[in-house]
Amino acid sequence: MVSGENSTYRVHAVVVAGGAGRRMGGDVPKQYLTLADRNGHEAPILAWTVYAFSRSRIIDEVILVVPESDLGIVAEEIVDEYGLDGVTRIVAGGATRQESTTAGVAVCGTNVDDDIVLVHDGVRPFVSDDIIARSAQIAAELGSALVAVPVTDTIKRVDSSGLVMATILRDELRAAQTPQAFRLGVLRNALDRATRDGIQGTDESMLVERLGVHVPIVDGSAENFKITTPADLDRARALAEQREGPRRRDTR
């Protein structure tokens, strides 16, 4: 729970892991590839991600969104196997990230529009407790929050033929990460509006922005990256070896 505006709010974490991991290559979706911690204990990337939220003192529940075909295996071989007791529900996602987010948000409960919901990528396993807490707190105070990091490369705008049209000032740019945090009623309204309008957003903040809501930035971290490519996986495995990760129940 977090406090804001003289009230206390429950905090729901919706971890979305519905992707097929095509850019990673191979037959195993990236969220099920494993990372080994500093003690040599291996766990799927998704278990690492959920572990970060399950350990947070401000998270009241974790809702896990996975492909429908994976519901049973995720419940048995990830949530139960690694003792991720913070997970209260595992629900089937949809064909798109937006549909999966909608499915997760739908089970957060009714008549709780002032609750806080954090939506997080299932393959960002190194989100810190500080980022989780700051996101929830800012959303409780201001209604929304977006974790992001400064853009370090020079960005060019080009035309359809590949000619440079302009150089974009980096001071005005941020690369969005997750979690993205909102009052539950605000996010539900944004998702409903997008569905009615036939809009597919690239992230939840984009949909909330369509409502005219100003979304404040929370400073992210270079370690809070999304595992997408084989190079990302190599980087994640090196980071995991420096940390303590989730363990199977029988190794504790």
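Reader: What volume does the largest cavity have?

Author: The largest cavity has a volume of about 30 Å³, where a volume is the space filled by probe spheres set on grid points that are joined across faces, edges and corners. This is a predicted model, in which local features need pLDDT of at least 70 and side-chain atom pairs count only at pLDDT 80 or more, while totals for chains, interfaces and linings use all residues. Residues are numbered from 1 along each chain as its sequence is written, and side-chain values use heavy atoms, with hydrogens and water left out.

Reader: What makes a space a cavity, and what makes it a pocket?

Author: On a 1 Å grid over the protein atoms alone, a cavity is a set of points where a 1.4 Å probe fits but cannot get out, whereas a pocket is an open set with protein on both sides within 12 Å along at least five of seven lines; lining residues have an atom within 4 Å of a point. The structure holds 1 cavity of 30 Å³ or more, and the lining of the largest cavity consists of Arg-97, Gln-98, Leu-191, Gly-201, Thr-202, Asp-203, Glu-204 and Leu-207. The second largest pocket contains about 280 Å³ of space, and of its 17 lining residues, the closest to its centre are Ala-52, Arg-55, Val-127, Ser-128 and Arg-243.

Reader: Which helices supply at least two residues each to the lining of the second largest pocket?

Author: These are α1 (45-54) and α4 (129-142), where helices are DSSP runs of H or I with at least four residues, strands are runs of E with at least two, and both are numbered from the N terminus.

Reader: Why are β7 and β13 called edge strands?

Author: Two strands pair if DSSP finds at least two bridges between them, and the open sheet of 7 strands has the order β7-β6-β3-β8-β12-β9-β13, with mixed pairing. β7 (87-92) and β13 (217-219) each have a single partner strand, so one side of each is left without a neighbour in the sheet, and they stand at its edges.

Reader: How do you know that β3 and β8 pair?

Author: Strand β3 (residues 11-16) is joined to strand β8 (residues 116-121) by 6 bridges, and the two run parallel; with at least two bridges required, they therefore count as a pair. Within this pairing, Leu-118 in β8 is the bridge partner of Ala-13.

Reader: Which strands does helix α5 touch?

Author: Helix α5 (residues 184-197) packs on the sheet and touches β8 and β12, contact meaning heavy atoms within 4.5 Å.

How values were computed:
Axes fitted to C-alpha atoms, helices over the stretch in contact; angles between N-to-C directions.
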